[in-house]
Amino acid sequence: MRALTNLLLYFGAFSLSAFSVAHAESGLASYYGYGKVGKGELTCAHRTRPFGSVLRVSYSGRSIQCRVNDRGPFIRGRIVDLSVPAARALGMMSAGVVRVSVE
C-alpha cells in the first residue's frame with residue numbers, strides 16, 4: 001500500500017512539474033506609451049500568454065516582472081511590448097527596441 005502511495009505521489013509531482021515549466025523565449029521588445037496608462041504598473045502586451053500572467057523580462061543584466069494586460073506586439077519579429085514604467089525599469093528607454101529574454 002505504501003509503495004502505491006509513493007508511486008501516485010511521484011506521478012503527481014511529475015505531472016505538475018511538466019506543466020509548471022516556464023516557456024522561455026527571446027526576441028525583440030519595444031515599449032508603448034499609449035492606451036492603458038497605469039499608475040506606474042509594470043505591464044506588457046504579449047500575443048499568446050493569458051491576461052494576468054506574470055512574465056520575467058530580462059535585458060542587459062536587469063530583470064523585471066510584468067503583468068500581461070494587452071495583446072500585441074503586432075510588428076513582425078517583436079515578442080513583447082512593455083509599458084513605459086516597465087521599459088524605464090528595464091533601462092531600455094533610450095534604445096527603443098532591444099533584444100530580451102522572456103520567461
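This is a predicted model: local features need pLDDT of at least 70, side-chain atom pairs count only at pLDDT 80 or more; totals for chains, interfaces and linings use all residues.
Let's start with the overall sheet. Six strands form a closed barrel. Neighbouring strands are turned by 45° against each other on average, with direction ignored.

Take β2, residues 43-45, and β5, residues 78-83. How do these two run? They run antiparallel, and 2 bridges join them. Look at alanine 45: across from it, in β5, stands aspartate 81.

Next, β1. This strand covers residues 25-32, and tyrosine 31 is in it. Is tyrosine 31 buried, exposed or partly exposed? Its relative accessibility is 30%, so it counts as partly exposed, since that class lies between the 20% and 50% cut-offs.

What does tyrosine 31 touch, once neighbours within four places in sequence are set aside? Its contacts are Asp81, Leu82, Ser83, Val84, Ala87, Met92, Met93 and Gly96. Alanine 87 is 56 residues away from tyrosine 31 in sequence. In space, their C-alpha atoms are 6.2 Å apart. Then methionine 93. Its backbone oxygen lies 3.5 Å from a polar atom of the tyrosine 31 side chain.

On to the rings. How many aromatic pairs are there? The count comes to 0. Arginine 71 lies over the face of phenylalanine 51. The distance to the ring centre is 4.2 Å.

Last, two backbone details in the loops. Most residues other than glycine have a negative phi, and most peptide bonds are trans. Here is one case of each exception.

Where is serine 60? Find it in the loop between β3, residues 54-59, and β4. Serine 60 is not a glycine, yet its phi is positive, near 50°. It is also exposed, because its relative accessibility is 62%, and exposed means over 50%.

Now move along to the loop between β4, residues 62-70, and β5. Proline 73 sits there.

Conventions
Residues are numbered from 1 along each chain as its sequence is written. Side-chain values use heavy atoms; hydrogens and water are left out. Two strands pair if DSSP finds at least two bridges between them. Helices (H or I, at least four residues) and strands (E, at least two) are DSSP runs, numbered from the N terminus. Axes are lines fitted to C-alpha atoms, for helices over the stretch in contact, and angles run from 0 to 180 degrees between N-to-C directions. Rings of Phe, Tyr and Trp (its six-membered ring) pair if their centres lie within 6.5 Å; planes under 30 degrees apart count as stacked, over 60 as edge-to-face and the rest as tilted. A charge sits over a ring if NZ of Lys or CZ of Arg is within 6 Å of the ring centre and within 35 degrees of the ring normal. Buried means under 20% relative accessible area, exposed over 50%, partly exposed in between (1.4 Å probe, protein chains only). Contact means heavy atoms within 4.5 Å. A polar contact is a pair of N or O atoms within 3.5 Å; within protein, one must be able to donate a hydrogen and the other to accept it, and residues adjacent in sequence count only if both atoms are side-chain atoms.
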